Amino acid sequence: MLVLQGVVERTIAADTPAESLSKQVPPELWGYAKAFLLIRRPALRFVWRDETQWIDVQLTLAHALGDRTPGTARVFVRLRPSEMPRGLTVRELDVLTLVALGRTNGGIAERLGTSARTVSTQLERLLEKLAQSSRGGLAALAVDLGLLRLPLPGGPPESGGLGVAELELAYRRRLGTGYRPIRDDISSRVPIRIGIVSPGSSVSDGAQVLGGALLAIDELNQHGGAGGRSIEAVPVEVDIFDWASVSAGLDELFEADVDAIVTSYVSAEQPEALDRIAAYGKPFLHTATFEADVRRAEREPWKYGTIFQTCASEHHYAPGMLRLLDELERAGSWTPPNRRIVSLELPSQSMRLATPALRALAAEGGWEVAEPILTPPGETDWEAIVTDLARTRPAAVLFASYLDQELAAFLRAFLHRPVPALIHGIYAPSNPAFIDALGRAADGVVWSTTTGTYDDEFGSRFRRQYRAKYREDPGWSIGGALYDQVRMLASAWSSVDPGDVSEVVAHLRRWPYRGVNGVYYFGDTGQSPQLYPDTTADAALSQAHQIYQIQDGEHVLISPEPFGSAAAFRAPHWLG
């Protein structure tokens, strides 16, 4: 008798010698793992009993997990001791497995050597224990949770179809080389559908949202899609400031039965959207940079667990500016005329940056943060704002709005009556429309983003591909973010069944993904990725909180090290 002690993980090939495999694991399980390579499935899960213990068995094709080792196909095996839920007995699991295989009560009784009446009683117990109302519910639950027993009770099946049936036949070498699983036909016929919520003309970066997502979909389909299935885009254009428009767009995606939704910051302005999306129950990836939504999802994972913010939240922006001011001062690149900071804030729940917590943090470095000045889009009197700045004469101005047209309007007014203050924006200048609107007048502006396209091999290749496809620049943030969202989903869909939302979500959390905007790693329970250097010192497992300065019409990275250097900072001309 062998007893499994703890979790066993191993990647093997069909020709891996038996003597090199763990003797702690029953040889039969290694046999199933090698047989798994014959059935052309990305992943499979079942349970196996070794006299005294249950073993949860998870098999995944290694290439679906990013293993590109040349040579023969390999399978990643994960085995762990387990317990049956709700006190299921061995015989009840046998019945549950055969129900999932579509057997009638009589057929189950024949396989188990019992009576149909006994099977009926066991089914009633299963319905009660597993809180289901039908055989179909039991079957779906068994497949969803991997509560399928191998070897199959009563011997091998007559045919395949279900994954465990195909694996049993493969293990017993009853699959011929010409066998074609029905899943291949279904997968090749039914595409995976991604809903893309684009802000359209309501904001100037709407084209980049759609462009980044469509570029990723085109590239993936040119290489076979995800897990052998093509990917179909279902785009909708909405006005992010109009709930009726957003709601109608979501209805269109729900009716289209999309497998996931990607977008930018729609939910930051329409928080009601999250409840509707959570009820839909498919993965939703966004860049709303809203810590309140992240916390809500982590408090209620049973409701919001399918919602991922693919960037760090807004409360890192202001501390990042404080860090930069200190770096510039230490480097001798800038001498503040005083220690006052003013925040000009978009009146949005996701843009409340001059908080009591920030004031306390700033005070530790000798800075004073004034009460924020609210700047409603399209309604703000920028001349009056600049007049107020001339009176208070702060050392730095934090422009807390992601709307590039608003920052451009402020800067035009500011340059007519400048004060010697650094101007620090967030996100907005990443949009090419900002420099297009201002030209060299944008020189000197500092700005930051918690999700920015890296100026490395990955990022440069993406920017070249985007320009080749659309004949325009993707900017330095949102285009890459949507490109990454699609490819991150495709990575999960290539590894697990796209229809199994719980497995897709688990894969998104469990496995780091290196995109053009850095590394996305959510951890087992997180709903937003790590941010360097704010939440982790590991730059290889996070996205960098990138801070740029516009110089000669170009974006120059000045923080954080080692990505940029404060030494590259130039004093804006208005400081002189």
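What follows is a set of questions and answers about a predicted model.

Q: Which residue in S3 is the bridge partner of Leu44?
A: Look at S2 and strand S3 (residues 53-61), which run antiparallel. Eight bridges join S2 to S3. Go to S3 for the bridge partner of Leu44, and you land on Leu59.

Q: Are H1 and H6 roughly parallel or roughly perpendicular?
A: Two packed helices are described by the angle between their axes and the distance between the axes. For helix H1 (residues 27-36) and H6, the axes come within 9 Å and cross at roughly 105°. Angles of 65 to 115 degrees count as roughly perpendicular. That makes H1, relative to H6, roughly perpendicular.

Q: How many nonpolar residues are in the contact of H1 with H6?
A: On the H1 side you'll find Glu28, Gly31, Tyr32, Ala35 and Phe36, and they meet Leu167, Glu168, Ala170 and Tyr171 in H6. Sorted by class, the contact has one polar and two charged residues. The number of nonpolar ones is six.

Q: What is phi of Arg393 near?
A: Arg393 lies in the loop between helix H16 (382-392) and strand S13 (396-400). Its phi is positive, although the residue is other than glycine. The value is near 45°.

Q: Which strands stand at the edges of the five-stranded open sheet?
A: This sheet has parallel pairing and the order S6-S5-S7-S8-S9. Each edge strand has a single partner strand, so one side of each is left without a neighbour in the sheet. On average, neighbouring strands are turned by 20° against each other, direction ignored. The edges are S6 (231-237) and S9 (307-309).

Q: Which residue in S7 is the bridge partner of Val197?
A: Strand S5 (residues 192-198) and strand S7 (residues 260-263) run parallel, and four bridges join them. Helix H9 (residues 243-255) lies across S5, S6 and S7, running at about 160° to S6. In S7, the partner of Val197 is Thr263.

Q: Are H8 and H19 roughly parallel or roughly perpendicular?
A: Helix H8 (residues 206-222) and helix H19 (residues 457-470) pack with their axes 11 Å apart. The angle is about 100°. The contact by class has seven nonpolar, four polar and three charged residues. H8 and H19 are therefore roughly perpendicular, given that 65 to 115 degrees counts as such.

Q: What kind of pair do the rings of Tyr466 and Tyr470 form, stacked or tilted?
A: The structure holds 20 aromatic pairs. In this one, the ring centres are 4.7 Å apart. Tyr466 and Tyr470 are four residues apart in helix H19, so about one helical turn separates them. Their planes are at 55°, so the pair is tilted.

Q: What is the handedness of the crossing where H14 passes H15?
A: Helix H14 (residues 317-331) and helix H15 (residues 356-364) pack at about 15°, with axes 10 Å apart. They are therefore roughly parallel. Ala318, Pro319 and Leu322 in H14 meet Leu358, Leu361 and Ala362 in H15. The crossing is right-handed.

Definitions and conventions:
Residues numbered from 1 in each chain as written. Predicted model: local features only at pLDDT ≥ 70, side-chain atom pairs only at ≥ 80, totals over all residues. Heavy atoms only, no water. Axes fitted to C-alpha atoms, helices over the stretch in contact; angles between N-to-C directions. Helix = DSSP H or I, 4+ residues; strand = E, 2+ residues; numbered from the N terminus. Parallel < 35°, antiparallel > 145°, perpendicular 65-115°, else oblique. Left-handed = near helix turned anticlockwise from the far one by under 90°. Contact = heavy atoms within 4.5 Å. Pairing = 2+ DSSP bridges. Nonpolar A, V, L, I, M, F, W, Y, C, P; charged D, E, K, R; others polar. Phe/Tyr/Trp six-rings, centres within 6.5 Å; stacked < 30°, edge-to-face > 60°.
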